[in-house]
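Please consult the sequence and the model shown here alongside the points below.

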Amino acid sequence: MITDAQIRYLKKIVDSEFNIDISDKCRKTNYVNARLIYSYILRSRGVGLVRIGDSLDKNHATILYLISNAPFYFKQDPELNLRYLSCKSLFENHYSPILDFSRRELIQAYVELDSQFDMVIKENENLIEEIGELKKITQELGLEKNY
């Protein structure tokens with residue numbers, strides 16, 4: 001039984017693979033192909049047509065049409081087949097918490113981490129300077145030990 005969390009996870013994988021939102025009402029090939037892959041993977045895992053359709057805000061008949069034609073599309077379009085295999089592999093074998101974030105959230109997190117990294121570098125330089133000053137003081141006072 002596939003959970004709602006797993007369905008959301010697969011949606012994020014497919015969204016990421018195609019760099020789109022499969023929930024959009026767009027009828028461009030890229031969107032249709034993404035929904036096809038999403039639907040085919042879920043159906044192969046035993047998810048019902050109505051549930052798949054509800055997750056995409058589509059009719060179950062639309063999902064049935066996509067799924068029934070998927071093998072033909074995969075056979076005719078090697079690139080689509082590779083994308084399908086990639087999404088399927090990620091879904092079945094790997095979980096990446098990065099997929100839980102939107103592109104905007106990832107960029108924001110990157111900027112924050114980059115800023116923190118710069119502060120760590122600066123603090124490290126300050127500590128190196130302090131260590132140098134402490135070494136001079138211990139030498140002047142004759143407190144250094146030779147081990």
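**Salt bridges in the predicted model**

Arg-83 counts as partly exposed, at 21% relative accessibility. The model in which this residue is described is predicted. A search of the whole structure finds five salt bridges, and those described here are grouped by their place in the chain.

**Between helix 5 and helix 1**
- Arg-83 forms a salt bridge with Glu-17, with an N to O distance of 3.5 Å between the side chains.
- This pair links distant parts of the chain, since Arg-83 lies in helix 5 (residues 78-93) and Glu-17 in helix 1, 66 residues apart.
- Glu-17 is likewise partly exposed, with a relative accessible area of 26%.

**Between two loops**
- Lys-25 and Asp-57 form a salt bridge in which the closest N and O atoms are 2.8 Å apart.
- Lys-25 is in the loop between helix 1 and helix 2 (29-44), and Asp-57 is in the loop between helix 3 (49-56) and helix 4 (60-76), so the pair ties together parts 32 residues apart in sequence.
- Both Lys-25 and Asp-57 are exposed.

**Within helix 1**
- The side chains of Lys-11 and Asp-15 meet in a salt bridge at 2.8 Å, N to O.
- Both residues belong to helix 1 (residues 4-18), where Asp-15 and Lys-11 are four residues apart, about one turn of the helix.
- Asp-15 has a relative accessible area of 14% and is therefore buried.
- Lys-11 is also buried, with a relative accessible area of 19%.

**Network**
- A network of salt bridges links Lys-11, Asp-15 and Asp-21.

Key:
Residues numbered from 1 in each chain as written. Predicted model: local features only at pLDDT ≥ 70, side-chain atom pairs only at ≥ 80, totals over all residues. Heavy atoms only, no water. Salt bridge = Lys/Arg side-chain N within 4 Å of Asp/Glu carboxyl O. Buried < 20%, exposed > 50% of the residue type's maximum accessible area, 1.4 Å probe, protein only.
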